[in-house]
Amino acid sequence: MKHSICIFTGARPNFVKVAPLIRAMQGVTTCDYQLVYAGRADDPTLEPSLFTDLQIDRPDVFLNVDCENLNELTGQVMAAFERYLEQYAADTVIVVDDLASTMAAAIVTKKRGLRLAHLVAGTRSFDINMPKEINRLVIDGLSDLLFTAGVGSSSIATREGAENNKIYMVGNILMDTLRYNHQRWTRPACLDGISDGSYLVFTLNRKMLLADEEKLKQMTSVLAEVAGDIPVIAPLRGKAYETIGRLCPQLRLVEPLGYLDFGYLTSHAKGIITDSGNVAEEATFHHVPCITLNSYTEHIETVKLGTNVLVGEDAGKLKAALTDMVEGRWKVSSLPDRWDGRTAERIVSILMS
């Protein structure tokens, strides 16, 4: 039996997670797949090197939705994805993470009676005021297959009423990509004259934190003060680049890096300060100390077992954690279960059966 699978992506980080899935599917003769992207072919967040770095082809289909308002975006993606499914006879749709576009694709998939698989299911912040939390609840509630990264996520799905035969703890697919590429990292030009292990990395993307400039000023001032002579490399995009450049010119702002350059930057850092759950996961994999500027994480294993510490948006907590980081005091970390690089294999095996 031939399986026709649509892999739906809504933003740049999704491609990092589906790349190993695509490679695993390429060797299966009973699998036909297409990669669909909700955005435009000329989306500026998709740097030209991204697909070359990940060693996958560009998406087969671009839905060309470009919208800031989440409710409007949801409607546009639903309409465009409906038209796509009328042309491509998929029997399974795989959606990734928790975006508004992901939820839109999930709704359309189930309205058409197709099998829906959710990659990285069971993640929760338990804050219903967050739009992404609503997306997660809807997507998991609709999914026929819930691919979870660990025991915690599987337990959440079970508590919320998902049937056990729908939940598969396949592991963290981000680790498949990291293991595949860790010998391929390229040293970025922004590290010229800087030794490995002698710099910090700062990333920021969360809109709510960027909007609170007073709080952000306090936190970046602490970062610059504690770092002292230690370079702080900050690859930032768009509004984050402009805002941080204005509030804290002491940081070394650089344009967004390609995947292989960014992988080198973070894996060889003395420490990382971020608001990204994916970056915190990568830091745990590389055993690099990490501070997350949030009071919660959907990836709690990075805190319980890994290198991650949560400081919220508290400048005092940030200063204490940063002091430990620059002075070399950090907790001992280990890798969570099933961060073994075989997640994509497990997923494809389940899909084909």
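In this predicted model, a residue is partly exposed if its relative accessible area lies between the limits for buried, under 20%, and exposed, over 50%.

Q: Why is Y168 called partly exposed?
A: The relative accessible area of Y168 is 28%. Buried requires under 20% and exposed requires over 50%, so Y168 falls in between and counts as partly exposed.

Q: What makes F147 buried?
A: F147 has a relative accessible area of 1%. The limit for buried is under 20%, so F147 counts as buried.

Q: How do you know that F81 and Y84 are buried?
A: The relative accessibility is 0% for F81 and 5% for Y84. Both values are under 20%, so both residues count as buried.

Q: Why is the pair of F81 and Y84 called stacked?
A: The ring centres of F81 and Y84 are 5.7 Å apart, and a pair needs centres within 6.5 Å. The planes make an angle of 15°; under 30 degrees counts as stacked, so this pair is stacked. Both residues lie in helix α3, three residues apart, about one turn of the helix.

Q: What makes the pair of F147 and Y168 tilted?
A: The centres of these two rings are 6.2 Å apart and their planes are at 50°.

Q: Why does the pair of F147 and Y168 tie together parts that are apart in sequence?
A: F147 lies in strand β6 (residues 145-148) and Y168 in strand β7 (residues 167-169), so the pair joins parts that are 21 residues apart in sequence.

Q: Which residues form one aromatic cluster?
A: The cluster is made of F8, F81, Y84 and Y88. The structure holds eight aromatic pairs.

Q: Why does T74 count as buried, and what is T74 in contact with?
A: The relative accessibility of T74 is 11%, which is under 20%, so T74 is buried. T74 belongs to helix α3 (residues 70-87). Apart from neighbours within four places in sequence, T74 contacts A100, M103 and A104.

Q: How many helices and strands are in the protein?
A: The protein has 15 helices and 13 strands.

Note on methods: Residues numbered from 1 in each chain as written. Predicted model: local features only at pLDDT ≥ 70, side-chain atom pairs only at ≥ 80, totals over all residues. Heavy atoms only, no water. Helix = DSSP H or I, 4+ residues; strand = E, 2+ residues; numbered from the N terminus. Buried < 20%, exposed > 50% of the residue type's maximum accessible area, 1.4 Å probe, protein only. Contact = heavy atoms within 4.5 Å. Phe/Tyr/Trp six-rings, centres within 6.5 Å; stacked < 30°, edge-to-face > 60°.
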